[in-house]
Amino acid sequence: MSNEDITAEGIPTPEGHTNLIETDYDVGQDNIDGKLGPFGFDIHNPVFVISGASVILFVVYALIFREQASTFFGELRPYLTSTFDWFFLSAANFFVLFSLFLIVSPWGGVRLGGTEATPDFTYAGWFAMLFAAGMGIGLMFFGVLEPVYHMAVSSPLGVPSPFAEDGTVIEANVAAAREIGLAGTIFHWGLHPWAIYAIVALSLALFSYNKGLPLTIRSAFYPIFGDRVWGWTGHIIDTLAVFATLFGLATSLGFGAQQAVAGLEFVYGLPNTITSQVVLIVAITLVALVSVLRGLDGGVKVLSEVNMVVAALLLLFVLLAGPTVMLLTGFGEGLLAYGRELLPLSNPVGREDDSYRHGWTAFYWAWWISWSPFVGMFIARVSRGRTVREFITCVILIPSLVCVLWMAVFGGAAIDQVLNNPDSLVKANVIDSYSPELSLFGMLSELPMAAITSTIAVILVIVFFVTSSDSGSLVIDTITAGGKVDAPVPQRVFWCIFEGAVAIVLLIGGGLGALQAMVISTGLPFTIVLLLMCWAIIAGLRSEKRG
């Protein structure tokens, strides 16, 4: 593609037939541009001003009133998950059904970017960026923790634990508990989260690449609100997207920092304290700034591809060093159990497994929805040229299968250790003391070359941290620059710094509970945004030529 094929705001022009939306709005017309010393800026007014000022005030408040903030965050999460669990579960179910409908509908032949558009990235590069930005830290943190916890503690759907009160194994309960442990985990990492991501990504790609609108959240709502999306209606939508992205990302960065520091303590004896976590976040944010300055192709794309290769090698090592036959069998059994229990686990009402439904599912759906502007826009940025059918299939089904494999291997190996070794470190960290950040390293410690693999795991977490921070700053900057994808780099630097700052103040002001409380509070209003987005997608696809 030549430079002439790139619009002024950095978005490729359609290739072939599309049905552009005629509007008098010019991308960046509300922007304020200029220079502050040697640094240029090109920011949307008022989205950047409101978002930036609110984030700065939030950081200051959480630092000055730490005790008050900790109390507030501690009460907020359980209230939201217990009150709105039915809403999160119902909405997520709808997103899955809607996405599967698009695959089989005639609109599946619509090509993003026009009838003659070709993909910008190979499948390998596309998948690598998608995974690194979408779920890298989460898979590392929860891959061991969650299957074991659901098997032994949370009891999804009321399936009894395989452990008696004295810690002995009840053999009659083992098979059902093992299956529900995997099924309950796969449920959180399978179709539902990827459907959420796919909806946001598809709406952004469709209305930007096919309709000629800015690459920002408000553009997807043009069929509903018309030119009002360029006014305060759109300002509110984009500002909500910034807050959701920022706190969703901060939650992942907090998980990553806790796990990386725990790993460094486990392997090298370095102290695991809040101070250590803060120092790590600062250091990794500085590394992310270097990636930001290198740009998409030279920064996050390279890091993502390298990290996915290393993650695949670690997965292969655990598969071969652990009980290989059992792990492969567990992959199939986990898929079957997931399919069998999908409807009961999706049921939003009349259940008694509050620990699982409130403590895990409601939080996860809010987290994925908060992440959706970030991951959705990033997927949209790298998905031009794909058909809707290809896009939905690849974004939902293929990543879901990879997540199932990851959980079956890492979780399956940990479950085997817990059931067969009373002194298992996984059992000590997940079931007895609940030190979730140590679960992965506990599992690796019982396999060969534990020091080497644990070090590799720490590096993986750190690099996933860097790619998430880099990608997140790119997405937030695009939104707060009015849809421009080539805004001045100092703006991305600003957001990269404050992503780390928000993660730090939330860890200081309440730990993981504070991070989870904020992600749920931003995910709640953004769920409504996503439901409206589905309506807009249908309106947009109806006017496009099908392949």
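Modeller: Helices are DSSP runs of H or I with at least four residues, strands are runs of E with at least two, and both are numbered from the N terminus. This is a predicted model, in which local features need pLDDT of at least 70 and side-chain atom pairs count only at pLDDT 80 or more, while totals for chains, interfaces and linings use all residues. Residues are numbered from 1 along each chain as its sequence is written, and side-chain values use heavy atoms, with hydrogens and water left out.

Biologist: Where is the place of Leu-157?

Modeller: Phi of Leu-157 is near 60 degrees, a positive value in a residue other than glycine. The place of Leu-157 is in the loop between α5 and α6.

Biologist: Is Ser-155 buried or exposed?

Modeller: Ser-155 lies in the loop between α5 (136-154) and α6 (171-189), and its phi is near 50 degrees, positive although the residue is not glycine. Buried means under 20% relative accessible area, exposed over 50%, and partly exposed in between (1.4 Å probe, protein chains only). With a relative accessible area of 18%, Ser-155 is buried.

Biologist: Is Leu-157 buried or partly exposed?

Modeller: The relative accessibility of Leu-157 is 31%. Leu-157 therefore counts as partly exposed.

Biologist: How many aromatic pairs does the structure hold?

Modeller: Rings of Phe, Tyr and Trp (its six-membered ring) pair if their centres lie within 6.5 Å; planes under 30 degrees apart count as stacked, over 60 as edge-to-face and the rest as tilted. By this rule the number of aromatic pairs in the structure is 34.

Biologist: Why is the pair of Phe-363 and Trp-367 stacked, and at what angle do the planes lie?

Modeller: Phe-363 and Trp-367 both lie in helix α12 (residues 354-381), 4 residues apart, about one turn of the helix. The ring centres are 5.4 Å apart. The pair is stacked because its planes lie at 25 degrees.

Biologist: What is the relative accessibility of Trp-367?

Modeller: Phe-363 is buried, with a relative accessible area of 3%. Trp-367 also counts as buried, and its relative accessibility is 1%.

Biologist: Which residue lies over the face of Phe-363?

Modeller: A charge sits over a ring if NZ of Lys or CZ of Arg is within 6 Å of the ring centre and within 35 degrees of the ring normal. At 5.0 Å from the ring centre of Phe-363, the residue over the face is Arg-77.

Biologist: Which residue does a cis peptide bond join to Asn-45?

Modeller: Omega of this bond is about 15 degrees.
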